[in-house]
Structure formats: structure tokens, C-alpha cells
Amino acid sequence: MVNMESWDWDTQEKTVSDTNGWKDKFEWVEEFQASPDGEKVAAIVKTGEAEFSVCVNGEAWENTFDKCWYLRYGPDGRLSCIVSSEMEWTVAVDGQAWDQSFGYVMEVKFSEDGKNVCAFIQQDGMYGAAINGEPWENLYSNMTNFAISSDGQHTAGSVQTEPMDEGDIFKFQSGIFTAAVDGKAWDKTFVNVWNKAFSPDGKRLAAEARMTLYDYTIVVDGVPWSEIYSCVWEPIFNPKTGAVVAPVKVGASWTLAQDGKTMWNRSFVQCWQQIFSPDASRVAAVVAPKYGKWTVAIDGEAWHSIFDDMVSDMVFSPDGRRLAAVGKNDYDYSVIVDDTVWNGTYDMLWQPVFSPDSQNVAIRAEKQGRQTIVMNGKPWKQECEQVWDPVFSPDGSKVLIRSIEGGRYIRRVLPTTELTG
Amino acid sequence: MAEGQVIDGIYFNEVWEDAGLDEGTKKLTPEKIEKVINKVLEGETGARLKVYVDTCVHCGLCSDACHYYLSHDKDPTYAPVAKVKQTMWEMIKKKGRVSPTFMKRASQIASTQCNVCMRCAMYCPFGIDIAYIMSVVRRICHFLGITPLYIQDTAHSHAVTMNQMWVKNDEWPDTLQWQEEDAQEEIPTLRIPLEKEGADIMYSVIGPEPKFLAQLLYQAAVIFETAGLNWTMPATPGWDNSDMAMYTCDNEIMGRVKRVHFETARRLRVKKIVMGECGHAFRSIYDRGNRWLAWKMHPVYVEHAIEFYYNLLKSGKIKIAKKYEESVTLHDPCNVMRGRGLYEMARYVVNEMCADFREMEPNREHNYCCCAGGGVINCGPPFKMTRMLGNRVKAEQIAATGAKVCISPCHNCHSGLEDIVSHYKLGVHVKFISDILYEVMEKPGAV
Amino acid sequence: MHGLYNFVRGPLAWVAFILFVGGTLYRLIAMLVIARKKDNVVFDYFSLFYGLRSIFHWIIPFANRNSRQRPIFTIVTFAFHICLLAAPILLLAHVLLWDESFGISWWTLPEGVADIMTLIVIGGCIYFLWRRLTQPEVKFVTFASDFVILAIVAAPFITGFLAYHQWLGYKFWLILHILAGEVMLVAIPFTRLAHMIYSPFTRAYMGSEFGSVRHARDW
């Protein structure tokens, strides 16, 4: 994990960069990205005719490119961008392009510690993945559903293993897709393979698959569960036991299954986006107990608070005892924590963030075009053009708030109590 | 044309070769048919189907609703109720004990001789939804593996790529970047913002746009740029809102595709989705796909292009520089007219843009179907003549307006109407609203 | 003859009414139960306002496009259905029976009017028969059962008319008339005449979908 202890938790407020000046310097400034520690703000900028670069705190990278897109900070604070020069694409990290370049690059993903930067690549019409610029040895004629392990040392995709003529439905139905891990395809093929999950140690891979047009199951390391379902959703690994858990459709209703056996004694009209608590003692999922009615279920027990449109962005507290999520009715988003809906609705909400001691929940929120941080239901007094997700200090006593106000990018460290009131 | 003939005791009003249907039928056994029919009827249908079947008094009043029936000089085998007779009634009556040839004919009817346009639901005094019954037939055909080849291949494309046209993961953002570059020649500040989290709008389109109709992406970008909107497009699967799996009734794939679409919108934290000029995609997002996933309505508001343009013109965010001079008529696509009631908004937009607008008769929710929708055009070349012969009334309806241009704010309608215009030599140009809007709007940013 | 009359007028009438009411309730409840179980969306999208709006547009002649397209059919079918319901309920002879048995009565039609209405129903049946025999789109979907149903509907009116005019023996036609009426009552919940029970629901459901979801008209 990233060492947050070393970040500056003392400076209460500083203007890191006045981005108003950027527009004078560059004819084109794209949306801003803030570094995790809040010390830097960056954007893709146009530096000349058909020439792009990345501006960090007002200074552009030395290197320029023909095109730049998907600028993102990794968890370790390094800044990555997909860049192109002379019709070739690669990833530039803190201004330095990878040695290797490709026909195309997309879907850049970071390991939890940020050290490994992985990307979905295309080279000469063949597809695969690259880790820190190093591509798979084997590439495939088609690939989808790119996934990486949490340490970023392994990558996977759903790949096509045999050629198929256009419109050859019979060949397709014979099963010409499988998963490839680090470039090596599973032996067994399927009609389709979709979302995948790596085990926490990165050694195993589970995936949703369709064996025929009608028979769905979960496949782990190339071996399908013995049970067949009429549909399944994305699997996850139990971080402690290594068991695989996925939503499965039995008859007309959905429930969770673990290693091919029903896990919950209750079923729902819908069930997905399941997550384990950090200690793996509890599992939660977004469920629809009734048609068009959404909530959270923990260990099969549905909450009472119901949303008409959707529930998303579930997150367990570090101690695993609490859970926060976002719900939506009509145009209004609300935060729901432990089956209690906060007062106040918003036009947009991001994912809730728990404090390390699990006591406080903060979230990035937007209302009428202004963004702020809301903590335990109470909005921060400052309304900004933009804020980023709040970050708690390791001891939970302070909150790092990154914002843009009047064009100035400001880094603030506030006592948590100032937000909780 | 292929004349009607009796095969294995089953009357086919048209005979075409289709590998999906022909090969699929060869693999059928009576046992399998019986099992699948009963599985679907018992497992997936309930009061609606039963009540519809028990309520229908065989009065034939739905007949005049159907463009196939009218275009085939009132051949009774094309009447909506006749399609139910030749499929579902028989399956229920015989408790699934029907022959492979019967099922082949049933698939032909449900997949290629019905556009599930729902016009007949408006002509049945009881409001019986024959499109729904035809969908149940298609669902049975899906489980039996007797779906026409081209649309089945498209459903496979959805299953693999989450888009309609086997567009690979890199081809989509790459196309947008090329379109952006091209459009910058006209408007230097123009941007197609990819993956912009927190934008107000996610713009989604259908697979054929990056594949064959990239100018539509260009035009949309010009409209967004000129209106000064905060918008984005995803660079990942989830960008395509279309759904032929909905029409093959591979509901599981339909749901999967819709889930990716809405979850992509949620991931990008957009407040609404604006979609291009497509009808069936709207149906899949607003009616069928969301329901299969247990979303009562769309979980993120979806604004169809017609409503989007209406709001832009009404609010003055887009202004018209000079009205379009050619005479135009408007085709009302079923999925956004009967499906969403956008007819008055469409007329506002057309009247704002065009100097000479002529109504087709009948119009609005009573308009005749294009005969391409409902997945029929997606059944491909083997059934092209089914569409041409099955929609003479549309050709007559367009010709009667005398208009030089037919506006069709739906992709399937657009392609289907182009075929009809050429088959019946109407000499009419078929255009999207955006084709004309792009031409007549003020573009202050253009050089 | 008299014993037979008493039988059809007494126990058999009870049986017919019980089957009619019971059968109707059964069909309705069965529909709702199966809808709850397997078609719950029907309830989720149901709207009383839009359901009634749709029904309104379809129980008024020429208030929907299809009825304007087919003026003759519209006139015939509305006249037929109005007379079919009104004539038996408002017939003096029938009301007298209710009065005699249960002491309840209500306004009745002048006998001449009821007679004309009966002829309209019979005429309607003939028109429908003609459609079934000659109109290709109707003929194609006509089964033997459709003729039987038509006969079941026509029979009480034909026999009633003959009994009223007392041609060839009043008692004979009267007994046949009562029997035919009982057959029709029993047939309502158990044949396609069930459209009498179901159609308000199918109409209202379609009206709800069109009105509240599709924001469109369904007439």
C-alpha cells in the first residue's frame, strides 16, 4: 500500500497552482487531475500545432506528443497518460514514455501500490496486455474484459483462440473464446468469457462464462463449476479463504453462490456488485428485493431503506462493521450508511470514503453545479468548482481536501472535527 | 418473388434461404421442441400471454394496422392475428408438440414478418400486445437455435464486444480521435472528451456509427461543441446503446449489454445519457433491457436525440442560420413515437430547421413502420425482399408527400427507408435530423 | 313440459348463475394470482388514470382511429354490444322474474324497443357470421369454435324473439330460450366470451403502458 504517513498533514491550506494562467499559456487545457497527496494538479494541454503534452502545476512536460488521452494519477502519485507519436501509441509515466510502443493503447490500470502500470494494447491487429511497457509474448486476434491482479504483476483478458469467418455463427457457438493470463490461454474454450477477478495473491483467475448460448457458469483457472445457471454476474474471491463468490440466476431470481453452491438462503429480483468486508467475515451485494426497488443486502439480509432507481458504490468500513453506499431516486442521489439515509440529496455523488477508524464517512458531492465534501451527512461550508475524493490521514484526525475554487487549485488539510461539526 | 408454398404440411407465404434457419431446423427434434416451448411458456410467461390468448375473439380488426398485410394486398397470412395463429395458438393448443418445419415457419414469421412495431396493439380494441407474443415466439426460437443467421451473428457480436458490429476495443476510441481531428479542421476548439468523469452528459451511439457512419459522430461533436455542453464518451465497452440481442430475445445478453451501458454512465458520474438517432436502442434502454434487469425505468435518465435537439433549439443553445430549403417529410419511428411520444418535439425540431415540411399520412403514433425495425433488417440480405414487398404502403406514403427529403430520426428506419426508396425508385433522400441540423445551424466556432 | 320448465327455471338457473359468477370470479382471481406470481410488471406499470383514459377512448364509438376507419363495423359492433347487454337486463319479462323470485326490480324497456334490440343483436350475429365466412383476414383465423360461440350468443336472442312472438308454441321456445341463456352465461367465463371479463384489464394495461411509460396515445 501507499505510505501516506510521509504526506504533509500539517499545512492547513495552500494554493498549489492558479490554473487560470494555464489558459494563457496553452490554447487548450483539458480537465484537471489531482495527485493523491494533493501536491500536484495536472491536465492535458495543447502546446502547439497538433502537439500535446501534460501540464503539472503550471509546467508542461518536456516531451510533447501528437496525441494525449486518459491522464490519471496512480496510487503512488506517478502521473500516467496514453500518448501517441508517429502513429504509435504508448504510456508516458511522469513524462517518460515506455520504451515499447504499440498500435494502440487503452484501459490503463494501476496496481494497488501504483508501482505497476498495466495497459490493454493492440499491436498489428493483435491484442493483449503490457505491464510497465512489457507486452505479452502471445497476442490474440480479439480481446475484451481486461483485468489485472491487485499487485499488478498479472494481467488477463477474454481472448479469441481460433479464427472465425464473418457471420460464422456455428463456429462461434462451438466455443472459440477463453481467458488468457499473462498471455497464456486456458486450455478449455467457451462461447463467451466476460468479467474476471484475480485471487488476492494473483495466482488464480475466476471468470463469468457461457458454455453454450444458454448455459452460464463461473470458471476458475479454466475449470467450470459443475452447476449451470441461466445467467451469472462477475465473480470475486474471498480474500481469506480463496473461495469464489458470484451472483447466479436460479429460476427467475438471483442469489449468491460460492464455489458452485448457493451461499445465501434468500434470493432477489436482482443481485450484483458483491463485495467482501476486509476481514472476509461478511459479504454484501446490491439487491432488488422487489422489482424496481433497490437496496443493500449483507449476508443475505436486505436493508429496509429502498431506492427506486439504483444503489451503487458500496464500500465496507476498514473494521468491516459498517457499510456505505449511494442510492438514487429520480434525479436525486443520497448516501446510505448502515441502512440510514443521510438527509440531503445531491445531483451527483461519488464513492463514499470511510475514515481509518471506521467512525466517519465522507464523500464528494455535487449540487447545482457546485461541488463539496459531505461528512456524516453534513456538507462542508465551502462550495467549489470541483473537489476530489476526500482522503483521511492515517490516524483519521485530519482530512485532505483537494479543490478548485475560482480557478485556483487548493490543497487543504482540515481537522476531521471541522467537518463533522 | 418467392411464391408461397406448402412444405411438410406447413404453408409458407414466402420462401427464402437462410443458413441459420435452415441448419438450425435440421437439428431440431420434436422432443426438443416440446421441451423448450413448455419451458418458456411455463417458466417465463404468465397472465399476459394467457389473457391475451383467451381474450382474442379472432375478429381481425388488427389487420389494417400491419404494413405487411396492407402491402401484400391484404393477404390474410400477414395479418397480425394470423401471425399469432400460425405460431403461438398452435404451440399452446398442441402443448408444444409441433414439427420442426412448423417452428421454422414460426421463426420466419416472428423474426422477419413482424417488426414488433406495436402498431397493431393500437388497433386491437382490447389492446392485445401481439408484439409481445411475437417476442415470446422469438424467445422460443432462440432456445431452439433457429434464429436467422445475420441477426444471430449480431447477437454474438453483442455478447463478445458489447457492441453491434464486432467493433474491437481499440477501434472505438481510435475512431473518435480521428473524428475529433477531422472536425478540428472546421472548429479548431472542438473536442470529443473521452472518459471525462463528472461530465454532465454521456453521449452514446450504436455500433454502425464508428463502423460506417462516422460522420454522425462528427456532426454530434459539432452540435455538443457549439451548444457548449459538458459531455463525454466512454472509451470502454458500454458506449454502444444498441441491442439486437433484445430482438433475438437472448434476454441474458440484452441484460448484460444494458447493464454495461448504464454502469458505464454511473462510472463516468454523468447526470444523463444522450443517445443518437436510434429507435430500437431507445427501446432496449427504456423499455426492455432495463426491465429484464429489474430497473423499473432507466436508472440514469436517457434523452433521445429528438428530445435533445428540441431542448437545444428551444433554449437557443443551437440557433438556425438559414432554414433548409428542400421539401421534407418526417417518418415517425415506432420506438420513439409509440414508444416515447416524441412526435410533437420532432415536429418542432423539423419546423425550426426546414422551410417546407410536409406531413405523411397517417403520422405520429399511427405512422406505418419502416419494416426494417424489430431486428428485421438485421436478418440481412436473405430477407431483403421480405422488407421490400412487405412495405409498399410506406413507399406510397412517402411518394404522396411529394417531398424531396425524408427525415428519419432512427438508424433502422433510415436504412430500411433507403432500401425502399431505391426499390420503388422514389428519388427521395433519406436523412437524419442531425444531417440537416449540422447543415443549417450557426457555428460560431467554425473557421 | 311444465316439469322441464320448472327445472330450467329453477335449479338449472341457479347452477348457471353460480357457474357464471363463480367462473368469472375464478378467472379474475386466477388471472391476478398468476400475474402477481409471474407477470408482476403488470402491476408495477398500472395506472388508473391512463387505464381509464384508454378505456374511455375505446368504449366511445369513433373515439379511436380504427373505429373511424371502419364505420360500418363500428356501428354494428357498438349497437350489438349495447343491445346484447341492455336488452336482457332491462327486459320487462326478466325483471318480473327477479321481482317474483327476490322481490327486486328496476326500470324496464318498452317491449317494442326490446324487440328491436333483440333483432339488432341477431342482426349483429349475422353480420359477424358474414364476416367470418367472407372476409379473408377473419376467415383465416376462424375456427369451428368461433361459430359455436356465435351460435351460443345468438341462440338466447333468437329463441327469446320467437317465444315473445309465440310462434310454434310459446312454452317450447321459452324453455329453449332459458336453456340458451343459461348456456351463454356459463360460456362467458369459460370461452373466448371471457373477453367480457378480461378486456377492461388488457385495455387498461395497454393504456397504462402507453400513457405513463411511453407518453403516447393508444387510440
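In chain A, strand β19 (residues 192-198) pairs with strand β20 (residues 205-210) in the antiparallel sense over 5 bridges. Two strands count as paired if DSSP finds at least two bridges between them. Helices (H or I, at least four residues) and strands (E, at least two) are DSSP runs, numbered from the N terminus.

This is a predicted model, in which local features need pLDDT of at least 70 and side-chain atom pairs count only at pLDDT 80 or more, while totals for chains, interfaces and linings use all residues. Residues are numbered from 1 along each chain as its sequence is written, and chains are lettered from A and ligands numbered from 1 in the order in which they are written.

**The hairpin in chain A**
- A:K196 stands opposite A:A207 in β20(A).
- The hairpin of β19(A) and β20(A) has 6 residues between the strands, and A:G202 there takes a positive phi near 80 degrees.
- β19(A) is mostly covered, with 6 of its 7 residues buried. A residue is buried if 20 or more other C-beta atoms lie within 10 Å of its own, exposed if 12 or fewer, and partly exposed in between, with C-beta atoms placed from the backbone.

**Helix α2 of chain B**
- Helix α2(B) (residues 30-44) has 15 residues, which at 1.5 Å a residue should span 21 Å, and its end C-alpha atoms are 21 Å apart, in agreement. The expected span of a helix is 1.5 Å times one less than its number of residues.
- The buried residues of α2(B) are B:I33, B:V36, B:I37, B:V40 and B:L41. They lie on the same side of α2(B) because they cover an arc of only 120 degrees around the axis, taken from the directions from the helix axis to the C-beta atoms.
- An α-helix has 3.6 residues a turn, so residues three or four places apart point the same way.
- B:E31, B:E42 and B:G43 are exposed on the other side of α2(B).
- The cover over the buried residues of α2(B) includes α5, α6 and α7 (130-144) of chain B.

**Helix α11 of chain B**
- Of the 14 residues of α11(B), 11 are buried, including B:L216, B:Y218 and B:F224.
- Among the elements that cover these buried residues are α9 (171-186) and α21 (433-440) of chain B.
- Just after α11(B), B:G228 takes a positive phi of about 65 degrees.

**Domains of chain B**
- An automatic or database domain assignment gives domain 1 (5-147), domain 2 (163-312) and domain 3 (320-440) of chain B.
- The C-alpha centres of domain 1 and domain 3 of chain B lie 28 Å apart.
- In chain B, 19 residues of domain 1 are in contact with 20 residues of domain 3. Two residues are in contact if their C-beta atoms, placed from the backbone, lie within 7 Å.
- α4(B) gives the most to the side of domain 1 that touches domain 3, with 4 residues.

**Contacts between chains**
- The contact between chain B and chain C takes 39 residues from chain B and 39 residues from chain C. On the chain B side, α3(B) gives the most, with 7 residues.
- The contact between chain A and chain B takes 33 residues from chain A and 32 residues from chain B.
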